[in-house]
Amino acid sequence: MQYLYHIDAKNELLTLSGDEHRYIFKVRRHRIGEIIALRNLVDEFIYEYKITYIDKKQAILELQDAYELTIKAKRYLHIGWCMIDPKNIEKMLPTLNEIGVAKITFIYCNRSQKSFKLDFKRLDKILLNSSQQCGRSHMMQLDTMQSLTEFIAKYPQTKMLNFSKDNFIGSSEFDTIVVGCEGGFSDDEVALFEYKNIIGFDTPFVLKSESAICALSSIKLL
């Protein structure tokens, strides 16, 4: 764990209880007198606190130091992800967060199952836990849109990840890209993009949506 999130990190005194108390003292096994790092995920600061009191239900921390430390990817990447099974999204989210994806917008594309619904409160918790582990100073942003047309209208410079014979991920410049769901894009959706804005992988294999999004994020950001 690189830091602990607390909404009031920066106050002179903090009280930890509930899950925060359990994680720090039962899982991480910190003790009185030790220094731990906290963030509030609003500013760019690390706040170092000394543990001054512990009992079975709560602990008291006292601020010792604060310093600015921005941890983010060197490049920006916003992914429009055509909706797949939320269970698979939840499995991939920590990996994409650690790679450094800035934002994901989930899109109900033509071949997405409209019955799929996202629990954003649950996704935020997954991202929070991941951010505490990998150290990023701001969590990934999440959004949703009802169609690819709506997404393109808001982000007109979007590229499409699809099959291409000569436009490949490694040699293409982009900061916003859409990735299809199982079954890929419909002909009508492909027709929304100029040929030059459709890019692919230089591979003979067909990738699942999850594999494709992980691969393109790694190539772009790492």
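**View 1. Thr-158 sits buried in a loop.** With a relative accessible area of 3%, Thr-158 counts as buried (buried means under 20% relative accessible area, exposed over 50%, partly exposed in between, using a 1.4 Å probe and protein chains only). You'll find Thr-158 in the loop between helix H4 (148-154) and strand E9 (159-161); helices (H or I, at least four residues) and strands (E, at least two) are DSSP runs, numbered from the N terminus. This is a predicted model, where local features need pLDDT of at least 70 and side-chain atom pairs count only at pLDDT 80 or more, while totals for chains, interfaces and linings use all residues. Residues are numbered from 1 along each chain as its sequence is written, and side-chain values use heavy atoms, leaving out hydrogens and water. The side chain of Thr-158 reaches the backbone oxygen of Tyr-155 at 2.5 Å. Leaving aside neighbours within four places in sequence, Thr-158 is in contact (heavy atoms within 4.5 Å) with residues including Phe-151, Ile-177 and Phe-193.

View 2. Not counting residues up to four places away in sequence, Leu-216 touches Leu-77, Ile-79, Leu-161, Ile-169, Phe-174, Ile-177, Val-179 and Phe-201.

View 3. Ile-99 belongs to helix H2 and is buried, at 11% relative accessibility. Look for Leu-222: Ile-99 and Leu-222 are 123 residues apart in sequence, yet 7.0 Å apart in space, C-alpha to C-alpha. Setting aside neighbours within four places in sequence, Ile-99 is in contact with Cys-214, Ser-217, Ser-218, Leu-221 and Leu-222.

**View 4. Five strands make an open sheet.** Its order is E1-E3-E4-E5-E2, with mixed pairing (two strands pair if DSSP finds at least two bridges between them). Strand E1 (4-5) and strand E2 (13-17) are the edges, each pairing on one side only. E2 joins strand E5 (residues 58-68) in the antiparallel sense over five bridges, and Thr-15 has Ile-60 in E5 as its bridge partner.

Methods. A polar contact is a pair of N or O atoms within 3.5 Å; within protein, one must be able to donate a hydrogen and the other to accept it, and residues adjacent in sequence count only if both atoms are side-chain atoms.
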